[in-house]
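Subject: Structure handover

Hi,

Here is the structure for you to look over. My notes follow below it.

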Amino acid sequence: MKKILAFTLFVLMGVVASFSQDINFHAKAGVGFANLTGDANGDPLFSYKVGVGMNIGLGGHWELHPDLFFVRKGMSNSAEVRSNDIGMKGDLTLNACYLELPVMAAYRIPLERMDVVLYAGPYLAYGVGGKVKSTVTGREDSDEPVRKITESQSVFGTGGLKRFDSGLGLGMDLEFGRFIAGINVNIGLVNLARTKDFDYDEDDIAVRNLAAHISFGYKF
């Protein structure tokens, strides 16, 4: 089903592009934050994305914006247990890297000195790598030295996240000639938790991606 959906999107993009006479390309890079919503209960993680795409004119003020981004998503978390001067602290960072294909329907509003472009649509993403890193620092007894234990494993391995993700994106770009500045939000709709690894039902635990970026780009 996932392969069929991805193939269908590529075919539709190709058909639209073949009938359009107004096509230009752009490159974009952005920074922001990401988190996992639902039962993950994490803190925001620094996120970035970089990629290329097309603006395909559909007539009037309407356009189609397919892009391909490399995106960092995930979350961070920390907890501390202390009694007097004895305690332990745990830090966790979940760093998930995706290839992401958003296909946005856009509406362009020409103004005197710039164009405002509003867009929304679906995205598909596939996890290509990343690590879950956990560090425990502290001691259980006052006679023990402080210890630091660090462990790392694949974020998409056994017990980790599912690789396939999809959701909805929306945003706004300001175009000053060839230069682009914008803001966008991606809301994941796929439950990324591997519930079968822990004998859970789909309704028992839910983890979804959330990311927001400020981006800058250039039109060719």
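Start at Ala29, which lies in strand β1. Keep in mind that this is a predicted model. Ala29 is partly exposed because its relative accessibility is 35%. Leaving aside residues up to four places away in sequence, Ala29 touches Lys49, Val50, Ile214, Ser215 and Phe216. Phe70 sits 41 residues from Ala29 in sequence, with 9.5 Å between the C-alpha atoms.

Overall layout

The protein chain has 1 helix and 9 strands. From the N terminus, the order is α-β-β-β-β-β-β-β-β-β. Of its 220 residues, 39% are buried. Among contacts with a separation of 6 or more, 65% join residues 24 or more positions apart. The chain exposes about 12,600 Å², and carbon and sulfur atoms supply 61% of that area.

The β1-β2 hairpin

Strand β1 covers residues 23-38 and runs antiparallel to β2, with 12 bridges joining the two. Ala27 stands opposite Val52 in β2. The hairpin has 6 residues between its strands, and Asn41 takes a positive phi near 55° there.

Nonpolar core

The largest nonpolar core has 18 residues. Leu36, Leu94, Tyr98, Val155 and Leu161 have the most contacts inside it. Both β4 and β5 (115-139) supply at least two residues of this core. β5 gives the most, with 4 residues. Val155 is worth a look: beyond four places in sequence, Val155 touches Leu94, Asn95, Ala96, Gly129, Gly130, Lys131, Val132, Gly160 and Leu161.

Nonpolar surface

A surface patch of about 920 Å² is made by Leu58, Trp62, Tyr107, Ile109, Leu111, Leu118, Met172, Ile183, Ile214 and Phe216. β4 (86-110) and β9 (207-219) each supply at least two of the patch residues. Leu58 belongs to strand β2, residues 45-59. Leu58 counts as partly exposed because its relative accessibility is 47%. Two members of this patch, Ile214 and Phe216, are also among the residues that Ala29 touches.

Salt bridges

How many salt bridges are there? The count comes to 6.

- Asp173 and Lys28: the closest N and O atoms are 2.7 Å apart. Asp173 is in β7 (residues 164-176) and Lys28 is in β1, so the pair ties together parts 145 residues apart in sequence. Both residues are buried.
- Lys73 and Glu100: their side chains meet at 2.8 Å, N to O. The pair links distant parts of the chain, with Lys73 in β3 (residues 62-83) and Glu100 in β4, 27 residues apart. Lys73 is buried, with a relative accessible area of 1%. Glu100 is buried too, at 3%.
- Lys219 and Glu175: this salt bridge spans 3.0 Å, N to O. Lys219 lies in β9 and Glu175 in β7, so parts 44 residues apart in sequence are tied together. Both residues are buried.

Which residues form a network of salt bridges? Glu63, Arg108, Asp115, Glu175 and Lys219 are linked in one.

Best regards

Terms used
Residues are numbered from 1 along each chain as its sequence is written. This is a predicted model: local features need pLDDT of at least 70, side-chain atom pairs count only at pLDDT 80 or more; totals for chains, interfaces and linings use all residues. Side-chain values use heavy atoms; hydrogens and water are left out. Patches are made of residues with over 30% relative accessible area and no salt bridge: like charges are joined within 9 Å, nonpolar side chains (Val, Leu, Ile, Met, Phe, Trp, Tyr) within 5 Å. Accessible areas come from the Shrake-Rupley method with a 1.4 Å probe; for residues, only the protein chains shown count as cover. A salt bridge is a side-chain nitrogen of Lys or Arg within 4 Å of a carboxyl oxygen of Asp or Glu. Buried means under 20% relative accessible area, exposed over 50%, partly exposed in between (1.4 Å probe, protein chains only). Two strands pair if DSSP finds at least two bridges between them. A nonpolar core is a set of buried Ala, Val, Leu, Ile, Met, Phe, Trp, Tyr and Cys residues joined through side-chain atoms within 4.5 Å. Contact means heavy atoms within 4.5 Å.
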